[in-house]
Every structure is written in structure tokens, then in C-alpha cells.
Amino acid sequence: MGVRGTAAREGEWLDLVADLVAQPLTTWPVDRVLAALAGSFDAPAGAYHDQRASGRDEREVWPPDFYDGRFADVACWSRARAATDHPLLRYYLATGRAEVVQVAEVPARFADRRVHQRWRAACDDLLGRDVVSQVCLPVCLDRSTNRAFLVGRVDPYSPQEMGLLRRVRRVLAGLDRQIAAHARWSARTGALAVPTAEEVGLTPRESVVLDMLATGATARAIARRLTVGERTVQKHLQRVYAKLGVADRLAAVQRAQLLGLLPPPELVRA
């Protein structure tokens, strides 16, 4: 991947994320993101995992027919063997670091030669040899959630590609926080909140900022949760006030409650 190729791919990712940020998403558009990852990094397949302490375990593969009837067997292997036989999962379970890592770069102290042998055997027998070189982009990794995108191919990823993957992960992690926050906001406010926000002209990001504002969060706290600058949040707030026709936080919250953009006061406090 040359310098020009990297710049072109960066531009494509910026366009994609800008488009997704502008949409009222409450779940990940998994197929779209995996298709973009596979196209950018010459990979035949990708996967999305969303595992939570509550017991939720969502797995999606792109393209959907990649395993062609073997998906149940692959899912069974993932549940029973991945924690011990997948170099990447061993690394994340041991470190808890939300960083981009590829199989070839997992240090031996986390996955020794025998682990890599078991991984290659699993690829030969079940997963497919053409995805043995996997790279993981964790978009949310904490005590309660492990949400990540993976892409796999035959050859390891170059240092230049890994640099681009790290930049892509950062923007996807920010988008993940917005999607989660927008899902909480729309769930708390009801079915009419999204169309009402569209009528008022609020973007999904502005709706999320308004919701956080109503809980008493400061601009600094909102910036930290959304992984953006505090000045960016201040600009969002200015636009929210202008669109609601108010001049301050209290008036914005009250106006939003009247319009149905926020739950009633007793639910906000809850």
C-alpha cells in the first residue's frame, strides 16, 4: 500500500464515518463497515463480535455466506476454544488494551508457538486458511463489553497498513460511543423522539449532547464520553440552543421536554 493509496483510503474512511455520524444509528451497520474494512485491506472476510457481561453474545460474518453452512461449527469453536487457541483473544484477555493488534504481532508471552500452531490448525480445519492473518479493531473494551471488528487474509499486515488501521479504530471507537449514547437516548424518550429531532433539525450528535446535558453532565464530561474536544461540544451546544430557540442549559432542557426530545423531569432524574 503506497503513500497515495493510504491517503485515498483515509479519505474514504473519513467520508464513511462522517456519513454514519450524521445518521440516527442505534446499532452498528455491520455489513457496511466490514465491507469497507475488507475492501481497504484486501481481505476476503471479516467479523463483528459484541460480547457483554450480561450474557449477550452477538456475532456477524461478512460476507454472510463466507462459512457456507459451517457457521454453527465456527461459533461452537469460538465459544469453546477461542479463549485458549486464538492468539488475539488471549492477548486482549490478558492485557485489556483497546488497541489494534494482528496475529503475527502477539508477543510470545501471550501466545507461544503451540498456541499459533493450534490457531493455524483451526484455520486449516474450520475457519479457512485465507483468514489466518487476522487483525482486530476493538471499538469498546472494558469490564462489561467486548465489541470489535476483525478482518482476515493470508498475508500479515504491513506497518503502513497497521498505522492506517489504528487511525480507523480511533474514529470507529468514537462512532461506537455515539451509537451507544443515541440508543440510550432514543430508548428513554420513545418512538417519536427521532422524527421530532429531525423536524427541529437536531443531528444525532446534537441529540446525544442534549441528552447528556439533561443528566447534568458538563461540557468537559460530555467531551470525555464522546472522545471529542470540549470546544467541539461547546459548538454542539450553541447549535442546540439556536435550534431550540433558547439561550441556556435549563431552558434547553425544558424546551426539549415539552417537545418530547427528552423524557419528563422525573425520568431524567432517574
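Predicted model: local features only at pLDDT ≥ 70, side-chain atom pairs only at ≥ 80, totals over all residues.
Two strands pair if DSSP finds at least two bridges between them. Keep that rule handy for the views below.

Residues are numbered from 1 along each chain as its sequence is written, and side-chain values use heavy atoms, with hydrogens and water left out.

**View 1. How confident is the predictor along the chain?** Averaged over the chain, pLDDT comes to 91. A score of at least 70 is reached by 97% of the residues. Go element by element and you'll find the highest mean, 98, in strand β3, which covers residues 101-102. At the other end sits helix α12, residues 265-269, with the lowest mean pLDDT among the elements, 56. Helices (H or I, at least four residues) and strands (E, at least two) are DSSP runs, numbered from the N terminus.

**View 2. Here's the five-stranded sheet.** Read across it and the order goes β2-β1-β5-β4-β3. The sheet is open, and its strands pair in the antiparallel sense. The edge positions go to β2 (57-62) and β3; each has a single partner strand, so one side of each is left without a neighbour in the sheet.

**View 3. β1 meets β5.** These strands run antiparallel and are joined by eight bridges. A handy landmark here is Tyr48: its bridge partner in β5 is Phe149.

**View 4. β1 and β2 make a hairpin.** Six bridges link this antiparallel pair. Four residues lie between the two strands, and one to look for in the turn is Gly55, with a positive phi of about 110°. Which residue of β2 does His49 stand opposite? Look across and you'll see Arg59. For Ala47, the bridge partner in β2 is Val61.

**View 5. Two loops with backbone details to look out for.** One of them runs between β2 and α3, and that's where Pro63 is found. The peptide bond leading from Trp62 into Pro63 is cis, and its omega is near -5°. Now move to the loop between α2 (30-40) and β1, the place of Asp42. Asp42 isn't a glycine, yet its phi is positive, near 50°.

**View 6. A look into the largest pocket.** What's a pocket here? On a 1 Å grid over the protein atoms alone, where a 1.4 Å probe fits, a pocket is an open set of points with protein on both sides within 12 Å along at least five of seven lines; lining residues have an atom within 4 Å of a point. This one is lined by 38 residues. Lying nearest its centre are His49, Arg59, His86, Leu89 and Leu150. The elements giving two or more residues to the lining are the strands β1 (45-52), β2, β4 and β5 (145-153), plus the helices α3 (71-85), α4 (87-95) and α5 (113-127). Which element gives the largest share? That's α3, with eight residues.

**View 7. And now the second largest pocket.** Its lining has 19 residues. Head for the centre, and the residues lying nearest are Val139, Cys140, Asp176, Arg177 and Arg225. At least two lining residues come from each of β4, α6 (159-189) and α9 (219-226). The largest share belongs to α6, which supplies nine residues.

Key: pLDDT = per-residue confidence, 0-100.
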